[in-house]
Amino acid sequence: MSTARRDALLRIQENSQLKWRSMNVFEEDAPDPDPSLPKQPKYVVTFPYPYCNGFLHIGHAFTLSKAEFMVGYKRMKGFKCLYPFGFHCTGMPIQTCANKLAKEIDTYGCPPVFPSDDDHVREENVSADKAKAKKGKVASKASKQTYQWDILKENGIDEQMIPKFADALEWLKYFPHQNVIDLSNFGLKADWRRSFITTEVNPYYDSFIRWQFNKLRQLNKIKFGKRNAVYSPIDSQPCADHDRASGEGVQPQEYTLIKMKLLKLPDIPNVAQLFAHKDVFLPAATLRPETMYGQTNCWVLPSGDYTAYQLSNGEIYIASPHSGRNMAYQDFFEEFGKTSELCTLKGSDLIGLPVKAPLAQYEEIFVLPLLTVSMVKGTGIVTSVPSDAPDDYRGLMDLKEKDALRAKFDLKDEWVLPFEPIPIIETPGFGNLAAVEACKRHKIRSQNDKDVLGRAKEEVYKAGFYNGVLQVGEMAGEPVMKAKTKIREHLINTGMGRSYSEPEKKVMSRSGDECVVALCDQWYLEYGEPEWRSQVRKCLDNMNVYADETRHGFEAVLEWLREWACSRQFGLGTKLPWDENWLIESLSDSTIYMAFYTVAHLLQGGADNLDGHKAGPAGISPADMNDKVWDFIMLGEGSASDFGSIDATVLKKMRQEFLYWYPVDLRVSGKDLIGNHLTFFLYNHVAIFPEEHWPQGIRVNGHALLNAEKMSKSTGNFLTLRDAIAQYTADGVRFALADASDTVEDANVAMKTADETILKLWTLVDFVEEAMEIIDKMVTGPLTRFADRVFMNQLNRQLRLTEAAYEQAMFREVVKTGFFEIMNDLGKYREFVGADKSSRAASTLPRMHRDVFLQFVLFQTVAIAPICPHTSEHLWSLIEPILTKRDGVSMGESVMQVQWPATDEPDEALLAGDAYINDTLSRIRLGILKPAKKKKNAVPQKKPSKVTIYVCDDAPRWQQIVIDFLRENFDEEAWHMSKQENPKDEKAWWKYPSDTPKRVVSSLPKDQKKNKKLMPFLAMVRKEVELGGSSALDRTLKFDETAVLSENLDLVKSQLSSFGISDVIAANARECPNSTSSADAVPGTPAFILE
């Protein structure tokens, strides 16, 4: 398969980038303040710096491209733009990978000789069947073993280099620089002088983060104490989002343990000695302590494995091993991280035991079996409240109604039959037995109806929590929302309950262990503190977030986000300045680093100094960058002359850089970061900076699918940015990224689109190059031809639509209007002027108008420049000399210097006339290709050679009656309201009543009631109004139909010549009153006869 076109675009790409580098076109400095000069508007856009434990991939590119496209557009709109780009190295992953590689080398040699799958299989001294099963299981696990050495090798790292990566610092040296290369090849408009890496390896960045945390501590935003955190037992420290292999965003879930005291001990060996003189409890984990008044029984899993634990306070809990593991890290036992196990039991050992349940209205209730009890969620002990929990109600009723089910588990009737649901909460819409009512509504007849039970549970829980009112106990009469916390506190304070937490969902650390929730001594940021949160809300209210879904996401996070552990003791990063036993974790040292960009070019100076190992252009030593210096640069505190070791002029320059560039105008990110990084970004900015430096905009996108499937290295559906560029060119990839999605929903980045774009861009380039060769032969003078005027108007319209799409960051729409529709309009223009058949030997391109052609190239170049800058740079190099000679002034040496061209207001009458000609041609062609059915035995007609087109000046009276009726009965307010409530569901928009046709007929004169054209016309206009509103009722033409048709008769004739038409005549329908066909003509839709 030939790659000539791709290779041609790659050469254009290389030449464009060489040109940009030679011009330093993306390097921007803050101008010197001059009150006498107007301040040039600026635009700062940032992307969350990527973690550097590998090469960038298409997922990175999809999100960062949003910033890239926006900054490209803003440059053309006259903004001084800055797109700085750094690299994140803080946290555990790099250190973990380095340690893993070092262990592999130590274990298997260098280069390592890894064991094969068969080497992992170990036969056990068991029966043949069991041995076979064991062998298969172990072999399966071994085959999935992933070695760090192999991962690096697959990434293209030379085997001679791989051993160096056993040192974590090698990762910091290698991958950031490689990613600079890839992003430069991508055409990123980054000022690389401002780039850097994080961690204490970079002393400049390290000093900045230390200043930030000292400032937060001074503001009383950081506290120390024991707090619940998702915790990795292997790493012996909290496991933050970026340190997780799975479970990003999962938080500790806090339960109330209901201590259900056993009134009789289980029948197991040595029970008297094991539990002698001790209180034994079944601890049920609940999220709804306010419902404990309605307990009727306790559930266990009959086949479940349970453990009896000896707690440090002398009590005994019988619970699942899963919960015991979590309790071990929450001060339940004598030693942190270790349980005290007395014995193991089966759930069946507990069935039938009586318990005393806190707050229950029954004196004693019994332990019963339930097959849906989870042993990996909660404690494996579930208290049953059938009045307000559909699962509990259906489980209890199954036992009450089915004798065989009770017999299966040897249940005595007195353990089950006397117990009925107890009304405890009045829930609007459900009454005081919400679960009972929900099960009736959903016709749930068994505990096995899991899906329907899930929906019923969600309905009941939501209605009960938000709208329910407690009917029993000391809090009777209070809303459930208020009573819940008070009842929980009462249970814990009186010893009837205890706090217990576990991760909301399963979390796996990058070290390979399942995380727990642990009470940890740690430094934490007090997110959620009311005053601080109100400031964030104020910031959010004034921000452009581009989508309602994004705003709702932030508002939801602000409701639940609370204290956040900001320190750890393993990995890479900056040490806490007041307690250097701790490192600042990766989601906490990445919140205001955008401010560091404003001065990084002076402190460090470029991509060859990412780690700040040498002083930059400012000549400042890292040791001089103390908190006072940062206070001056970032907050304006003190005077530039206060620091003898740093030149005052340099400090003033740094302060000016910050003041000019800040705040951030747009931050782009994936929507998954709303729950952590992006909200932290807002919290830290409002805490440290004055309001004028708060963020101005955030645009988020969904996850990127690759070729309609989730990206995954394990499945092979994975593509690095460098490989994508090599295969599809930078502009091909960029085009596919822009075309993927404009919403917060997941996007499909299709490499088929990138591949097809190569042909599209090459065709455009080839066309322009060919046209430039004969440009002096093109038509000149006034635009007298209809096609010339139309195409110029189409260009004005498309560029205006493209500009509006850029303003809203709707880049898929940009591709549509700024490329596809412009190219489609070009194709029609060439066809209409006869310039659609061309070869360099016998070109028809001279039939184009020279000024129209140049306007097309200019507008097309500008429209796609932010998305396909390399192609646009080449096109610009072709037309810039001609435009400069024609206009007497240069618009810029590079397309990166071109300003967005002014456009004329599109002539809608002219465009409507063009649409009229195209529609008429389409109808005539269809009439030729699909002639009306002939009557039986009719004489076959010859192929038509003549067409007569009949134009109607005035609409028939019956049509006007239909229009007037629809106008009088259109409910404008209802239509707009329904459209706002359901913008994407046309079926939900306001509609005319179903009896509309009948009422229209009754309003017509008697001679028109049976008009066969009536109902089709009514249906057409009615649909247009229901979809487009009252504007569809304006049937007045914007153009002179007769004049437009007369001017374009030669065009119509030429377009129909290939169908055998040699004669085209235009006539007025009023002048041919006896013609059946002429009577079919209506304004804007002429009739025609083929002869």
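User: Why is Asn24 called partly exposed?

Analyst: This is a predicted model, and the label rests on a computed area. Asn24 has a relative accessible area of 41%. Buried means under 20% and exposed means over 50%. The value 41% lies in between, so Asn24 is partly exposed. Asn24 is in the loop between α1 (4-23) and β1 (42-46).

User: Why is Thr729 called buried?

Analyst: The relative accessible area of Thr729 is 1%. The cut-off for buried is under 20%, so Thr729 is buried. Thr729 is in the loop between α22 (721-728) and α23 (730-738).

User: What makes the phi of Thr729 worth a label?

Analyst: Most residues other than glycine have a negative phi. Thr729 is not a glycine, yet its phi is positive, near 70°. Asn24 is not a glycine either, and its phi is positive at about 50°.

User: Which peptide bond involving Pro111 is cis?

Analyst: The bond that joins Cys110 and Pro111 is cis, with omega about 0°. Pro111 is in the loop between α3 (93-108) and α4 (128-143). The bond from Tyr662 to Pro663 is also cis, with omega near 15°. Most peptide bonds are trans.

User: How do you know that β26 pairs with β28?

Analyst: Pairing needs at least two bridges. Strand β26 (residues 704-706) and β28 are joined by 3 bridges, so they pair. They run parallel. Ala704 has Ala747 in β28 as its bridge partner.

User: What makes β27 and β28 edge strands?

Analyst: The open sheet has the order β27-β26-β28. Strands β27 (709-710) and β28 (747-749) each pair on one side only.

Methods: Residues numbered from 1 in each chain as written. Predicted model: local features only at pLDDT ≥ 70, side-chain atom pairs only at ≥ 80, totals over all residues. Heavy atoms only, no water. Helix = DSSP H or I, 4+ residues; strand = E, 2+ residues; numbered from the N terminus. Buried < 20%, exposed > 50% of the residue type's maximum accessible area, 1.4 Å probe, protein only.
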